[in-house]
Amino acid sequence: MNTMTDFPREKLPELLRTMPKAELHVHIEGTLEPELIFALAQRNGVRLPYSSVEALRAAYAFTDLQSFLDIYYAGAGVLLHEQDFFDMAMAYFRRAAAERVVHAELFFDPQTHTARGVPMGTVIGGLARACAAARAELGISSALILCFLRHLSEADAFATLEQALPYRQHFIGIGLDSGERGNPPEKFARVFARCRELGLRIVAHAGEEGPAQYIRDALDLLGAERIDHGVRCVEDASLVARLAREQVPLTVCPLSNVKLRVFDSMAGHNLADLLDAGLRVTINSDDPAYFGGYLNQNFLETFHALPRLEARQAVQLAENSFAASFVPDDWKARWRDDLARTVARLARA
Ligand code: HPA
Ligand code: ZN
């Protein structure tokens, strides 16, 4: 696209905010804002170990993935009823639609809820109802991806899959999240084989805190079609070459990576290097209520900190998000046309 070479830099923030985009890595429990946590705690009679919204927010001083996960799982404890899951997801969809997210694939962590006695049907029922309402009321398409918690056993993942199968029509795929270190993909090879037999799409967190080898293993042992995070792939040059050759999507989450100290600062993030290496990188928000911003904030802060990123990369990232999404090709083509029109309109204005 040659409108790209002379796209005025001062319009870059507006391009980032107004271009259509897909979000492929957002944990719906990570969109629970402190205000909603308090509102749901009150509605459900749940006692919180924090005296106020401010006190809760002050606890969001993470030093690594585990220090975040401890608070994140505690926050999800206010979710009890189908309506709670619906309200949480609708709050996310409203923000996403306002940011020109045209499609979102949401992760959810059923084990966090079923372990507290919340039935699987309550979790999936509320989320699926929100997906339908988001389509009807906001014009945003979405899909659900059920994640296994990797700090739990493979037997627990198998049991979770069994409990979810009555709701099979409501989720398109399976992911793997939670503490990566010491919980390699290999631990879940058998349950993911079963998921593939069932025709589920496969993604996995790998190479966030864990080594490059976990990325290889997620591809080879789990059959992952996308890698969530994957930023540590750069530690293995032949892996980078393979990811480029096979165009394996990486769902990168820049604000998350800085907050959880995968990188010291946004200026030190390797996202521009990954793009330069020809990898199919996307930008995502991960757990936006905890990491200081939703999708557009991730785009804006990343482009601000990495001046090598220009309009061409913005368009590439949006196109990558469409290419990497689990939707029919004609949807992707429509979004790409919408993107081209947005760029042309801004370049002319
Ligand atoms: N990594 C692993 N597990 C998670 C994350 C993450 O970034 N967010 C929510 N669960
Ligand atoms: Zn994640």
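Helix α4, spanning residues 65–75, supplies four residues to the shell around ligand 1, the largest share from any one source. In this predicted model, the residues that surround the ligand include Leu65, Phe68, Leu69 and Tyr72. Other parts of the sequence also contribute, with His27, Asp177, Ser178, His205, Glu208, His229, Asp286 and Asp287 among the surrounding residues. Sorted by class, the shell is evenly divided into four nonpolar, four polar and four charged residues.

An N or O atom in the side chain of Asp286 is 2.7 Å from an oxygen atom of ligand 1. On the nitrogen side, a polar backbone atom of Ser178 lies 2.8 Å from a nitrogen atom of the ligand, and a polar side-chain atom of His27 is 3.2 Å from a nitrogen atom of ligand 1. Taken on its own, ligand 1 has 260 Å² of accessible area, and the protein covers 100% of it. The space that the ligand takes up is the largest cavity.

Beyond the ligand site, charged side chains link elements of the fold. Side chains of opposite charge can pair when their charged atoms come close. The structure contains 19 salt bridges. One of them joins Arg129 to Glu82, with 2.8 Å between the closest N and O atoms. Because Arg129 belongs to helix α7 (residues 120–138) and Glu82 to helix α5 (residues 82–98), this pair ties together parts that are 47 residues apart in sequence.

Definitions and conventions: Residues numbered from 1 in each chain as written. Chains lettered and ligands numbered in written order. Predicted model: local features only at pLDDT ≥ 70, side-chain atom pairs only at ≥ 80, totals over all residues. Heavy atoms only, no water. Near = heavy atom within 4 Å. Polar contact = N/O pair within 3.5 Å; in protein donor to acceptor, adjacent residues only side chain to side chain. Areas by Shrake-Rupley, 256 points an atom, 1.4 Å probe, with all protein chains shown as cover. 1 Å grid on protein atoms, 1.4 Å probe; cavity = no way out; pocket = protein on both sides within 12 Å on 5 of 7 lines; lining within 4 Å. Sits in = over half its atoms within 2 Å of the grid points. Helix = DSSP H or I, 4+ residues; strand = E, 2+ residues; numbered from the N terminus. Nonpolar A, V, L, I, M, F, W, Y, C, P; charged D, E, K, R; others polar. Salt bridge = Lys/Arg side-chain N within 4 Å of Asp/Glu carboxyl O.
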